[in-house]
Amino acid sequence: MRFLLLLIGALIFSVSAAVSETNVLCIQKFLSKTAFNAGSVDGRWGKKTGTAINNLFDQAGITEPKTIKKKDAAEVCKILQGSKKKVLLESANFKVYPILIGKKP
Amino acid sequence: MLTRRHFLTGSGAGLFLSGYPVHGFTKEPVDGRIVVILLEGGMDGLLAVPPIGDKNLFKKRRGLVSSKALKLNPLFAIHPNFRKFSAMLENEEASIVHATSFPYTGRSHFEGQNVMQTGLKDPFSSRTGWLGRAMAIAKITGKAMSLDSPLIMRGATDYDNFYPTHLKDVSMKFNWSETLNLIQGTHDSDASNTFDVLGQKQPTSMRKWKMAHRDPLSLAEKAGHSLREVDGPRVAVITVPHFDDHTEIMEASEHPEKFTTIDNIFASLRNKLQEQWANTIVLTMTEFGRTVKENGAAGTDHGYGSAGLLAGGLIKRSSVIADWPGLATSELYERRDLYATIDYRSVCAACIEAAFGLDHDLITEQVFQDKNIPRAYTHIFGGLG
Amino acid sequence: MLYNNPHNWARKIGFGFEPNAKLPSDLKKWNKNQLNGKFQGVGVPEKGSKPIAWPEEFNFSLQDRLKRARAYHKEAERISKRKNDNLRSYKRNRLKLEQFIHAFDAHKYWNFAIYGEDMVKQRLTHFWMNHFFVSNSFDTHWVLGDFRDRIIYGNLNSSFDKILYEATTHIGMLDYLDNTKNYGEKSKSAQWRRANARSPIGLNDNFARELLELHTVSPSKGYSEDDIRGTAKVLAGWGTGYAIHSLYKAYRKKRSRDFLPDFSKFVLEPYSRRAAEPGSKSILGQEFLGGTKGKNALRKLTDMLASDDHTAQYLSRKLAIHFLGQDATNREIKVIYDSWKKSKGDLKVVHEVVIEVLQNTHAKRFLWPSTWAFQAIRISGADIMPGFLRDKNMSLKDVKHRDLDEFPIDTLEEIGFDVFGWDRQPNGFSDKKEDWVSTEHFDRRVKMASKIFSNNPKRSGEEIAEILGFSDQTKKAISMGGNDRAKFIIALCSADFMEV
């Protein structure tokens, strides 16, 4: 019984890991078409992927999720593939660095 | 210390939430103005806007970074001679596009200048310019502040020149319009139209003490006046030559002096356009940038990516727009030039969209004849959220 | 056909015939003489006077020019140390008026076109000067006259490889395109600077690029950046380290060290071994040796470029478009190209063929403003050219730069052909009609025509239309002009006159 539970647990884990990897891949593939560099498109959530997607959402003015982490990958992937995909892609063509002369950081 | 996330966030600006219409919809015509400043010779974008946050900048061109460059943000600074332009940046009415170029990598002035003006990828493939084609579509008139009709404006159905003569001792004892009308009839097509337009103008004054100045700054002042006229021109083109500084580029009389000229042109236009400044976009362009490394004569040679400076009331939020490629040798174009990661035609298209109200798809198809030009409107003119 | 009207033929290939000119009875013979004959340049000593032989006093050798440049700068340096600003400025301006000689060159340019017998050679000179364009800049104005007379005019009947080499090694060209600052990175000069903690010196590719792009093979050859770099290495040492205003001084300092020949020979090939890049270089698949053979490498390179097929194609097209017009047919271009290839760039042969092709062409050329102005003045017989004598009692030897009216230089600038202007791009002036069509350009032509009319033309607008065989439509337009001035202006600004 215990063995069966372990097996089911492992199965669920591997499925969710695969799903997670798929979502991360989805984000990375999207980023690869933009000016926001996520490093390799490998399905692994790393610092570059996190920084890139957070920066993209900041520039696009999307405030939810607040600070994107790996656990948010599914939600983010949904947004990226949703109705606003085209507009998002366009806004991410280039990066916008604000001018900070005379402004507080 | 600012995190990368913080300094990318503007003042909460939401490009995504800008509420701008998506592609394919026809816009309402806009009563905007465009002034193009052609920088002939290849402006060194890295000298104008040094990427001080790139660790390779000082490794590659230590001698070519002004010690008094004004810091704009953690990544970029601007040459100190752009004093007035910097004030516009502070005032949220100017922006910079960096690591940009027209899609031309051949490093020839003459091919590059042709591409810059026609807006097409192949040099010498058109007798009209991108600005002229846009003007024709939008049915707008313009004024070239030069003796010749610059290629960039050809194709417009209605435009004129301004470059006052200093020819001395000329008798005007003949009927100007009648004589020119008769001359017109002996020519065909463009020449005929040109004589026709000339015939309708009052001849410029021949008195010595009224001889107008013809330097780029004086011409910019005149352009500013003209663009305020009711039913007058809405486009002007000014040329600033001599950017081809293969030697001693940091000398005061070389690039720095030209930077001051550009700076003064921006300020003069702002001053003279007055209320029309709010509807205006002024942009610089150059045929290519220059090599990242200094050459053997304290100058730089022909390169690829450069920077474009923009200012005008149509800009709502100042920024540097870039997809920064980096200055490590492996990141350079052919291991020598700043890569151009932004097609400058995107910038030109955005300016046409903002000033004339033409749709981006229409612009790429009919003005630049290339549907694959990314839209940069929201980045340059996106505004506050 | 053009040949039917000798006046129009002379306009097509030269500057037209002035009133009272003896028209040639045999145009073929005239053509031949124009290309092969020896001519004496002429100029008008006073406005309205008859032309005289161009004074020898107004011809300056390259040596003389360089010595003058040195004297001027030496004196100017001395003046700059003066404390009184106004006096300093006055003295410097005065010195300029005393020493400068480019006003002589400008007067020569105008006089030879308007009054000279060798109009075809003058037109060919203008073409080649534009091809090997050297602009007035900080110092090049001292030597431009020598470049035009000795290198361009003097080589019209030689071969392209010769004119190319001499143009490439002229100190004016070397200075204009920054080769005076093009040091070999491994040169002795560069090594010395590194060893002595001086700021580094090295290559710059300005001249190398233009040599390939504008002067010879053109971008159609598909040369690489490595080829340009290699060319820059071969060019290093030529004029390098010298400035026009100090060439004479530098030569004297180096003479004993480098065992250079006398100055008159040195200025013709100003090569510095110390600044040259050692070692072999590769350009377009060919190897060029350095070391003691380094000086010869440039000749080898220019010969290679001169004989390249792309050079032949490029220059044949350029000659056709310039003389025939933008509508020159591919067949016409090919005839010129074939003659180039067959004669291996013998300019005497090529020019003869250009003239032959011109005789039957239907293409029309929109005249450069300068050509237009010279033709307008010459054909009308107007006395617009200021003389070079301030007063009758002056001796030619006493004429200084300040005595020469600024009309030639100023007028060329005004009509948009500022060949004596400052810092133009090395691609010279356009042969395309559309580059000369604008309201401001045409405004200048109209006003220039009026100015010519004010200077005693011997032919009216109607007479010009008659001798040049203008169309009936144009003749009618002229006849409707409000007064004689208007008629004259209409004639000179008509399509019939502006294009030929």
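The legends below walk through several close-up views of this predicted model.

Residues are numbered from 1 along each chain as its sequence is written, while chains are lettered from A and ligands numbered from 1 in the order in which they are written. Because the model is predicted, local features need pLDDT of at least 70 and side-chain atom pairs count only at pLDDT 80 or more, whereas totals for chains, interfaces and linings use all residues.

**View 1. Chain B meets chain C.** Here 47 residues of chain B are in contact with 52 residues of chain C (contact: C-beta atoms, placed from the backbone, within 7 Å). On the chain B side, two or more residues each come from α5 (109-118), β6 (159-161), α7 (176-184) and α8 (189-199) of chain B; helices (H or I, at least four residues) and strands (E, at least two) are DSSP runs numbered from the N terminus. The most residues on this side, six, come from α8(B). By class, the chain B side holds 14 nonpolar, 21 polar and 12 charged residues (nonpolar: Ala, Val, Leu, Ile, Met, Phe, Trp, Tyr, Cys and Pro; charged: Asp, Glu, Lys and Arg; polar: the others, Gly among them). Of the two pairs of chains that touch, B and C have the most contacts. Chains A and C do not touch, and their nearest C-alpha atoms are 29 Å apart.

**View 2. Two packed helices of chain B.** α7(B) and α8(B) pack at an angle of about 175 degrees, and their axes lie 8 Å apart. That makes the pair roughly antiparallel. Axes are lines fitted to C-alpha atoms, for helices over the stretch in contact, and angles run from 0 to 180 degrees between N-to-C directions; under 35 degrees counts as roughly parallel, over 145 as roughly antiparallel, 65 to 115 as roughly perpendicular and the rest as oblique. From α7(B), residues B:S177, B:L180, B:N181, B:I183 and B:Q184 meet B:S192, B:F195, B:D196, B:L198 and B:G199 of α8(B). This contact has four nonpolar, five polar and one charged residues.

**View 3. An enclosed helix in chain C.** Since 10 of the 10 residues of helix α11 (residues 206-215) of chain C are buried, this helix is largely enclosed by the rest of the structure. A residue is buried if 20 or more other C-beta atoms, placed from the backbone, lie within 10 Å of its own, exposed if 12 or fewer, and partly exposed in between. Among the buried residues of α11(C) are C:F207, C:R209 and C:H215. The buried residues of α11(C) pack against α8 (160-168) and α12 (225-235) of chain C.

**View 4. Two domains of chain C.** Chain C is divided into domain 1 (62-99) and domain 2 (177-306), with bounds from an automatic or database domain assignment. Taken over C-alpha atoms, the centres of these domains of chain C are separated by 30 Å. Their contact takes seven residues from domain 1 of chain C and nine residues from domain 2 of chain C.

**View 5. The surroundings of B:R228.** B:R228 sits in the loop between α9 (216-226) and β7 (235-240) of chain B. This residue counts as partly exposed because it has 16 C-beta neighbours inside 10 Å. Leaving out residues up to four places away in sequence, B:R228 touches B:L273, B:Q274 and B:Q276. The C-alpha atoms of B:R228 and B:K201 are separated by 19 Å, and the two residues are 27 residues apart along the chain.
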